[in-house]
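Hi,

Here is the structure I promised to pass on.

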Amino acid sequence: MQSIHIKEVILHHTKVSLIAPFTTSFGTMEQKDVCLVEVVDDTGVSGWGETVTSNEPYYNEETTATTVYMLKEFLIPRLLKKEISHPNEVHDMLSFVRRNNIAKAAIETAIWDVFVKKNHTSIAKLLGGTQTEIAVGKSIGIQDTPAKLVEKVREFVDEGFKKIKVKIKPGADIAYLKAVRDAFPTIPLMADANSAYTLKDIDHLKELDSLNLMMIEQPLSHDDIVDHRILQKELTTPVCLDESVHSLDDARKAIELGSCKIINIKIGRVGGLYEAKRIHDLCMEHDIPVWCGGMLETGVGRAHNIQLTTLKNFTIPGDTAPSAHYWKEDIVTPEIVMDHGIIQVPSGDGIGYEVDRDKLSKVLISSERITEVDTTHPIPSA
Ligand code: OSB
Ligand code: MG
């Protein structure tokens, strides 16, 4: 395979508006700043990545502004003008910076795209993914009443989604889920609490066990794997971890402890495709099924999610709904679409979709071209 040499990085700062507000236990989002990271190699091949953050540090500690800061001050200076013989190398090249995984993933994924395009293949193929179509679920934000939630669920079940995920928080949980379960006794249904509970709620959470849920996602603290073990022992409903798995090591510890039976893999949260694949492989060895989480991505991040989901152990439908569920107009072409809950994995090179520069220009605030190392911080060079 041909190596790449990074000539420049262009940061495209955008502001995008969701078609509808999305409410979780930590707040409501309607608009966000997204930085699209374009990495260009010295033969002119461009690859794309995306900061999957929101503007506030409520899901994890990062915001779009902090990812841009980390990229400019530390991550881009480490990678600019460097030769990369395989994108698997990037994770370790960036490990001198602690955490800041979403910032790392934004550029790591772009480098994967450059590398595979230059070598006339796709990210899925280079990762070893074999699934040619992927099943898709719908993540539904917290609604005002159980009846409104049931109405939404009906809409998405009719559209063919293969899994329904309902966001919950104290006060909007059991009654809401029970209403959905009563209306749809057999649909694949799960709940995501985004860390809204503690072990004090254990008896309350046990009520979930009568609802035949596929799983409860991240019920307890965002940084916990110990209390989740205690909870999992008490529940028959499988616990799935999202927020508290940032690395292969976190996944290993959670599996060894028995803190979960399922893991949600998000490329951003774990710092890129390399770590995402390693977590996937570890889970497969331990019979832990995985699925690809979503972060309300534009087409670029969504395309990376689709590429990753081609790996074999992604056996549970992901939060990779089609573009039209998020954006009036996405920035990639062709549009990401679904047919009865199935996305056909694109056969093209790279991420399988092209960034449409006309569409990008409609949400663009500014583009910043970085061609020289410009930082006052000491940066490791080898
Ligand atoms: O916890 O999975 C989550 C969105 C933002 C932050 C965290 C989460 C989510 C989602 C959205 O659930 C899923 C999607 O992209 O459709
Ligand atoms: Mg989640």
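Below is what turned up, starting with the ligand and moving on to some single residues.

One thing to keep in mind: this is a predicted model.

**The ligand**

Start with ligand 1, which takes up the space of the largest pocket. There are 16 residues around it, and those that come nearest are Lys167, Asn194, Lys266, Leu296 and Tyr326. Sorted by class, that shell holds 7 charged, 6 nonpolar and 3 polar residues.

Which side chains have a polar atom close to an oxygen of ligand 1? Lysine 266 is one of them, with a polar side-chain atom 2.9 Å from a ligand oxygen. For lysine 165, an N or O atom of the side chain is 3.0 Å from an oxygen atom of the ligand, and for aspartate 242 the distance from a polar side-chain atom to a ligand oxygen is 3.1 Å. Taken alone, ligand 1 would expose 390 Å², and the protein buries 97% of that.

**Two asparagines**

Asparagine 60 sits in the loop between β3 (46–50) and α1 (64–79). Is it buried or exposed? Its relative accessibility is 13%, so it counts as buried, the cut-off being under 20%. Its side chain also reaches the backbone nitrogen of glutamate 62, at 2.9 Å.

Asparagine 212 is in the loop between α7 (202–206) and β9 (216–217). This one is exposed, because its relative accessible area of 57% is over the 50% mark.

Most residues other than glycine have a negative phi, and most peptide bonds are trans. Here are some spots to look at with that in mind.

- Threonine 333 and proline 334 are joined by a cis peptide bond, with omega at about -5 degrees. Proline 334 belongs to the loop between β13 (332–333) and β14 (342–344).
- Lysine 81 is not a glycine, yet its phi is positive, near 70 degrees. You will find lysine 81 in the loop between α1 and β4 (83–84), and it is partly exposed, with a relative accessible area of 39%.
- Glutamine 218 is another non-glycine residue with a positive phi, about 40 degrees. It lies in the loop between β9 and α8 (226–234), and with 0% relative accessibility it counts as buried.

Over to you now.

Cheers

Definitions and conventions
Residues are numbered from 1 along each chain as its sequence is written. Chains are lettered from A and ligands numbered from 1 in the order in which they are written. This is a predicted model: local features need pLDDT of at least 70, side-chain atom pairs count only at pLDDT 80 or more; totals for chains, interfaces and linings use all residues. Side-chain values use heavy atoms; hydrogens and water are left out. A residue is near a molecule or strand if one of its heavy atoms lies within 4 Å of it. A polar contact is a pair of N or O atoms within 3.5 Å; within protein, one must be able to donate a hydrogen and the other to accept it, and residues adjacent in sequence count only if both atoms are side-chain atoms. Accessible areas come from the Shrake-Rupley method with a 1.4 Å probe; for residues, only the protein chains shown count as cover. On a 1 Å grid over the protein atoms alone, a cavity is a set of points where a 1.4 Å probe fits but cannot get out, and a pocket is an open set with protein on both sides within 12 Å along at least five of seven lines; lining residues have an atom within 4 Å of a point. A molecule sits in a cavity or pocket if more than half of its atoms lie within 2 Å of its grid points. Ala, Val, Leu, Ile, Met, Phe, Trp, Tyr, Cys and Pro count as nonpolar, Asp, Glu, Lys and Arg as charged, and the others, Gly among them, as polar. Helices (H or I, at least four residues) and strands (E, at least two) are DSSP runs, numbered from the N terminus. Buried means under 20% relative accessible area, exposed over 50%, partly exposed in between (1.4 Å probe, protein chains only).
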